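Here is a short report on one protein chain. Look at the sequence and the fold first, then read on.

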Amino acid sequence: MSELKNRIFLKPTVGATEGRWYDMDVKPCPRCAFHEHTVQIEGDHVYYVVCISCRARGPIADDVFEAVALWNNRPIEAALTAQLAEANATIELLDSATVEAAQEVMAQLAAANERIAELEGNLRGAIQATAYVRKDRDRLAALKGGE
Ligand SMILES: [Zn+2]
């Protein structure tokens, strides 16, 4: 989907001015969709993710990893993603059922066309036979008339 790399800026200690960027499995900001965040450290057990763009904050955690996990935990988003997957599976199922139904109709149509061709052949034979019978009857009538 996105070409943007999600990354996070981490400082080693509270109040440190230096730090570095890490590529991490961190979700984009739920408020502004920005993909770069930092983890704010405010003591031994106060860590939280902050969006660099809009300053949205994640839940407070004991360490960096928990802070990122809490930031990434989005139950509504996960539920909607699951619903979307279910809906797509249903669409796929309906599509394949439609294709199967269409194939069945095509097979019936082919069989019906075959039967029509067969009946047309029979009809041509009957017309020809009728013509012969008429011809014979006319010849017979002519012979009788000639007597
Ligand atoms: Zn944001």
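A strand here is a DSSP run of E covering at least two residues, and strands are numbered from the N terminus. Phe-9 is found in strand β1. The model is predicted.

**Confidence and domains**

Mean pLDDT for the protein chain is 89. A value of 70 or more is reached by 96% of its residues. Among the elements, β4 has the highest mean pLDDT (94) and β2 the lowest (85). The domain assignment gives domain 1 (5-73) and domain 2 (74-147). Their C-alpha centres lie 66 Å apart.

**The sheet**

Four strands make an open sheet with mixed pairing, in the order β2-β1-β3-β4. β2 (20-23) and β4 (47-51) are the edge strands, and each pairs on one side only. From one strand to the next, the twist averages 30°. Strands of a sheet pair through backbone hydrogen bonds, either parallel or antiparallel. Two of the pairings are set out below.

| Strand pair | Sense | Bridges |
|---|---|---|
| β1 and β3 | parallel | three bridges |
| β3 and β4 | antiparallel | five bridges |

β3 and β4 form a hairpin, with five residues between them. Gly-43 sits in the turn and has a positive phi of about 140°. Across this pair, Val-39 stands opposite Val-49 in β4.

Helix α1 (residues 64-72) lies across β1, β3 and β4. The helix runs at about 50° to β4.

**Two faces of β3**

In a regular strand the side chains alternate between the two faces of the sheet. Which residues of β3 point to one face and are buried? They are His-37, Val-39 and Ile-41.

**Around Phe-9**

Thr-38 is also the bridge partner of Phe-9 in β3. Phe-9 touches Gly-19, Trp-21 and Thr-38, leaving aside residues up to four places away in sequence. Why does Phe-9 count as partly exposed? Phe-9 has 14 C-beta neighbours inside 10 Å, so it falls in the partly exposed class. Buried would need 20 or more, and exposed 12 or fewer. Ala-56 is 47 residues from Phe-9 along the chain, and their C-alpha atoms are separated by 15 Å.

Definitions and conventions
Residues are numbered from 1 along each chain as its sequence is written. This is a predicted model: local features need pLDDT of at least 70, side-chain atom pairs count only at pLDDT 80 or more; totals for chains, interfaces and linings use all residues. Two strands pair if DSSP finds at least two bridges between them. Axes are lines fitted to C-alpha atoms, for helices over the stretch in contact, and angles run from 0 to 180 degrees between N-to-C directions. Two residues are in contact if their C-beta atoms, placed from the backbone, lie within 7 Å. pLDDT is the predictor's confidence in each residue, from 0 to 100. Domain bounds come from an automatic or database domain assignment.
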